[in-house]
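This report describes selected features of a structural model, taken region by region. The sequence and coordinates are shown first.

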Amino acid sequence: MHEYDQRLLAALRGTGEHPHIAAAARTLSFAGEHGALWLAAGLAGAALDKERRGAWLRGTALTAGAHLASMGVKRLVRRPRPDAEPLVRTAGRHSFPSSHATSAAAAAVAYGALRPAGARLVPPLAAAMCVSRMVVGVHYPSDVAAGAALGALTARLGTSWMQGAATPAQGAGK
């Protein structure tokens, strides 16, 4: 597994030598720091989609919760970051799991369950966010895969709770 991680990381990190790819990866990495892009998207959804405001806020909470869970796992596992020369600075020294991937996957699952547009738009951006972490050289592929799995699982487990707020008249007439 370690050899596969190293080889794939080297290939993806190598694409970061192209200036446009490096700039895009840096931008995605910056936007995803502490789940900022995904939290902002959830709050925007809550502001714009009044009939599902509660669901959007719960989806945002799921995304934040997934991010916090990844930070807890990271503190337990304490895997060092790759030896590759990074293209960005990181908030911490530990690599497993990728918190960027966790919050991206959580947002893709949660927001995708709320609106068809979310199901079409968020997953490709979330995937790009995940790949960017390897292009900038701060995560192994296994870090990203574990983070994405943690985020997707967290959001999936909370989907019924999140959607319970989607219809204010739910339960009316019973």
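Predicted model: local features only at pLDDT ≥ 70, side-chain atom pairs only at ≥ 80, totals over all residues.

Ala148 is found in helix H7. From Ala148 to Thr102 the separation is 46 residues in sequence, yet their C-alpha atoms are 4.7 Å apart in space.

With its neighbours within four places in sequence left aside, Ala152 is in contact with Ala105, Ala106 and Val109. The C-alpha atoms of Ala152 and Ala107 are separated by 8.1 Å, and these two residues are 45 residues apart along the chain. At 25% relative accessibility, Ala152 is therefore classed as partly exposed.

## Packing of H5 against H7

Two packed helices are described by the angle between their axes and by the distance between those axes. For H5 and H7, the packing angle is about 35 degrees, and the axes are 7 Å apart. The crossing of these two helices is right-handed.

On the H5 side, the contact is made by Ala101, Thr102, Ala105, Ala106, Val109 and Ala110. On the H7 side, the contributing residues are Val144, Gly147, Ala148, Leu150, Gly151, Ala152, Ala155, Arg156, Thr159 and Met162. By residue class, the contact of H5 with H7 comprises 11 nonpolar, 4 polar and 1 charged.

## The largest nonpolar core

Which residues touch the most other members of the largest nonpolar core? They are Trp38, Ala104, Tyr111, Val122 and Met162, within a core of 31 residues. At least two residues of this core come from each of helix H1 (2–15), helix H2 (19–31), helix H3 (36–48), helix H4 (53–77), helix H5 (99–112), helix H6 (116–135) and helix H7 (141–163). H5 gives the most, with 7 residues.

The surroundings of Trp38 can be listed individually. Not counting residues up to four places away in sequence, Trp38 touches Thr63, His100, Ser103, Ala104, Ala107, Tyr111, Val122, Leu125, Ala126 and Met129.

Arg79 is found in the loop between H4 and H5. Is Arg79 buried or exposed? Arg79 counts as buried, because its relative accessibility is 18% and the limit for this class is under 20%. Its side chain makes a polar contact of 3.1 Å with the side chain of Asp5. A polar contact of 2.7 Å joins the side chains of Arg79 and Asp143. Leaving aside neighbours within four places in sequence, Arg79 is in contact with His2, Asp5, Arg93, His94, Ser95, Phe96, Tyr140, Ser142 and Asp143.

His94 likewise lies in the loop between H4 and H5. With 14% relative accessibility, His94 is therefore counted as buried. The contacts of His94, again without residues up to four places away in sequence, are Lys74, Arg78, Arg79 and Arg81.

Which peptide bond is cis, with omega near -5 degrees? This is the bond from Phe96 to Pro97. Pro97 has its place in the loop between H4 and H5, and Phe96 is among the residues in contact with Arg79.

Positive phi values occur at two residues other than glycine, described here in turn. Arg78, in the loop between H4 and H5, has a positive phi of about 60 degrees. Its relative accessibility is 47%, so Arg78 counts as partly exposed. His34 is placed in the loop between H2 and H3, and its phi is near 55 degrees, a positive value. Since its relative accessibility is 47%, His34 counts as partly exposed.

Conventions
Residues numbered from 1 in each chain as written. Heavy atoms only, no water. Core = buried A, V, L, I, M, F, W, Y, C linked by side-chain atoms within 4.5 Å. Buried < 20%, exposed > 50% of the residue type's maximum accessible area, 1.4 Å probe, protein only. Helix = DSSP H or I, 4+ residues; strand = E, 2+ residues; numbered from the N terminus. Contact = heavy atoms within 4.5 Å. Axes fitted to C-alpha atoms, helices over the stretch in contact; angles between N-to-C directions. Left-handed = near helix turned anticlockwise from the far one by under 90°. Nonpolar A, V, L, I, M, F, W, Y, C, P; charged D, E, K, R; others polar. Polar contact = N/O pair within 3.5 Å; in protein donor to acceptor, adjacent residues only side chain to side chain.
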